[in-house]
Amino acid sequence: MDVPRNTMTQLQFNKIYVIESLFPDDEKSGEILHNDIIRRKIEQTGSGIEHELIFVSNKLDFFKAFDHIRQEVIYRLIDPIIHFEIHGCKEGFVLNSDELVDWYDFQIRLLELNMLTKNNLFLSLATCYGGHIHKVISPRMWTPFWGFVGPLDEVYVDQVMAGFQDFYDELLTSLNFN
């Protein structure tokens, strides 16, 4: 029995986007996660979950990536998980162009995506201080996401790679957030 999109009781997803913006000398952890864990596990399980790796280098690219995801949500009924492999600080993301994307800079885009998916947007943030995205939650506004996972402090590439490899390995095996 198909459950209408707007009455889901559990988070659903049918595509994982990995957005990466790392400095030239950094290990390309988003590309590694996408190619070695997400894509491989989806192929192994035959789940049909879609996946896409998006490289962004500046604010314009970053917001174009969100426009692309928005279009897919609207026209292809994508229920996304968006994974970020970007440097961060308590105020937001630091792109490889050294531009800051303040949490509030993209709050409206998150709100819109979450409304379009009927409160079905999940974020994973492999970024220092990524957990500070909670600052965009306001009791006066619609929630900007169903949920998120991300560190509140500084982290190192080996920590986030190990944690998110395990996270996506389990999620793509069980297809269940429980």
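Modeller: Thr45 belongs to helix α1 (residues 29-45); helices are DSSP runs of H or I with at least four residues, strands are runs of E with at least two, and both are numbered from the N terminus. This is a predicted model, in which local features need pLDDT of at least 70, side-chain atom pairs count only at pLDDT 80 or more, and totals for chains, interfaces and linings use all residues. Residues are numbered from 1 along each chain as its sequence is written, and side-chain values use heavy atoms, with hydrogens and water left out.

Biologist: Why is Thr45 called partly exposed?

Modeller: Buried means under 20% relative accessible area, exposed means over 50%, and partly exposed is in between (1.4 Å probe, protein chains only). Thr45 has 38% relative accessibility, so Thr45 counts as partly exposed.

Biologist: What lies 3.4 Å from a polar atom of the Thr45 side chain?

Modeller: The backbone oxygen of Ile42 does.

Biologist: What makes Phe66 and Phe84 a stacked aromatic pair?

Modeller: Rings of Phe, Tyr and Trp (its six-membered ring) pair if their centres lie within 6.5 Å; planes under 30 degrees apart count as stacked, over 60 as edge-to-face and the rest as tilted. By this rule the count comes to 22 aromatic pairs. For Phe66 and Phe84 the values are 6.3 Å centre to centre and 20° between the planes, hence a stacked pair. Phe66 lies in helix α2 (residues 59-76) and Phe84 in strand β3 (residues 80-89), so the pair ties together parts 18 residues apart in sequence. Both Phe66 and Phe84 are buried.

Biologist: How do you know that β3 and β6 pair?

Modeller: Two strands pair if DSSP finds at least two bridges between them. There are 4 bridges joining β3 to β6, and these strands run parallel. In one of them, Ile81 has Phe122 in β6 as its bridge partner.

Biologist: Which strand do 3 bridges join to β6?

Modeller: Strand β7 (residues 147-149), running parallel to β6. Ser124 has Val149 in β7 as its bridge partner. In strand β6 (residues 122-125), Phe122 and Ser124 point one way, Leu123 and Leu125 the other, and all are buried.

Biologist: Why is α2 called roughly parallel to α3?

Modeller: The axes of α2 and helix α3 (residues 107-116) come within 10 Å and cross at roughly 15°. That makes α2 roughly parallel to α3, because angles under 35 degrees count as roughly parallel, over 145 as roughly antiparallel, 65 to 115 as roughly perpendicular and the rest as oblique.

Methods:
A polar contact is a pair of N or O atoms within 3.5 Å; within protein, one must be able to donate a hydrogen and the other to accept it, and residues adjacent in sequence count only if both atoms are side-chain atoms. Axes are lines fitted to C-alpha atoms, for helices over the stretch in contact, and angles run from 0 to 180 degrees between N-to-C directions.
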